[in-house]
Amino acid sequence: MVQRQLPKIPELLELMQFKKPELDATKRRLDSALTIADLRRIAQRRTPKAAFDYTDGAAEGELSLARARQAFEDIEFHPDILRPAENVDTSVEILGGPSALPFGIAPTGFTRLMQTEGEIAGASAAAAAGIPFTLSTLGTTSIENVRAANPAGRNWFQLYVMRQREISYGLVKRAADAGFDTLMFTVDTPVAGARLRDKRNGFSIPPQLTVGTIVNAIPRPWWWIDFLTTPKLEFASLTTTGGTVGELLNAAMDPTISYEDLAVIREMWPGKIVVKGVQNVADSVRLVDLGVDGIVLSNHGGRQLDRAPIPFHLLPQVVREVGPDATIMVDTGIMNGADIVASIALGAKFTLIGRAYLYGLMAGGRRGVDRTIAILRSEIERTMQLLGVATLAELEPRHVTQLRRLAPVTASSEAPVRAR
């Protein structure tokens, strides 16, 4: 029989310990985010639809982005048991310098439209975390100001080759003079992808006010206050900012970009050069044979060619063909530290995060970016410990199996053609 008694006040007080309320609304909001998906939900609540959809969306049916994210979900880890990994080392050497974590911040355009702190928040958070920050040609903060925000850290510059080549050449010189150590030569944007969310939202630079945008802005006054009371958007390269994103890209980019342009830029650039936007094995082999310092397997976050190859699926094939010593990086679809661990296990030397960083930025400015990095760091460390590895160098392909939902149709699986 259960023994019952009257409640004892001291015992009740031990059980009923109230949490001290957090008065800092931003900290309270960010502390509630346990995953990047949580940050995304907060960002969506706090950001006007057009700006949020510009970040969140992709090209056409958004199949490339969905498939990239699904590829990371469709993995199976194979942990080792009885291998203590109490303290893990997440640091790497990448492109001639250190990074405290196996990821850096990818280049993103029009960043101050997402949240007014923009690239300054990203660069300063990267500096604090000891990881590289990449400034986009279409960034909204100058090369020099990013350098000032991250004076002792790793700054990389992402370059588009413009129709007016002198603009691109001038950016290369400015980035070199500012001490940026790596140039990311981007090859997957000869023309703009069809970003249908932007067209449906009427998204343009600068934002166009309509009845819909005003109604959508009513519950988000802080965004408009920030936008209207901070300095005018400053682009790294464009002298005009009128029009939709697609119109701006098509006016600036050159569909005739070629290997000759790569040779010219490579001759100009004194630091490391990486080619971003590689999407097949043959191009990977050719670039490595040409002696570039690294390649980024990327489909531009699904924002260019829809139904493009999945970078994470392409990774093992490329590593097998170019060799394990080549510097292969990967982006697109990374939303969890486990995605990063799986990429390193399959041969990537480094990874890049774009949307995950912007979700944090929209959720809470600089502190939101810090939260993004903290979440990913925690997930990386925990995944490594559960796999039984203490360093990234211990990760091997045997730790990961890629489970494929989509398999190519081969000749052997096709029905035979009947003779007539």
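**Aromatic pairs and ring contacts**

Let's start with Phe350, which is buried at a relative accessible area of 0% (buried means under 20%, exposed over 50% and partly exposed in between, using a 1.4 Å probe and protein chains only). Keep in mind that this is a predicted model, where local features need pLDDT of at least 70, side-chain atom pairs count only at pLDDT 80 or more, and totals for chains, interfaces and linings use all residues. Residues are numbered from 1 along each chain as its sequence is written, and side-chain values use heavy atoms, with hydrogens and water left out.

Searching the whole structure turns up nine aromatic pairs. Rings of Phe, Tyr and Trp (its six-membered ring) pair if their centres lie within 6.5 Å; planes under 30 degrees apart count as stacked, over 60 as edge-to-face and the rest as tilted. Phe350 pairs with Trp156: the ring centres are 5.9 Å apart and the planes sit at 55 degrees, so this pair is tilted. Because Trp156 lies in strand 6 (residues 155-159) and Phe350 in strand 13 (residues 350-353), the pair ties together parts 194 residues apart in sequence. Strands here are DSSP runs of E, at least two residues, and helices are runs of H or I, at least four, numbered from the N terminus. Trp156 is buried too, at 0%.

Next comes Phe157 with Phe180: centres 6.4 Å apart, planes at 75 degrees, so edge-to-face. Phe157 is in strand 6, while Phe180 is in the loop between helix 9 (165-177) and strand 7 (182-186). Phe157 is buried at 0%, and Phe180 counts as buried at 5%.

Elsewhere, Trp223, Trp224 and Phe227 form one aromatic cluster.
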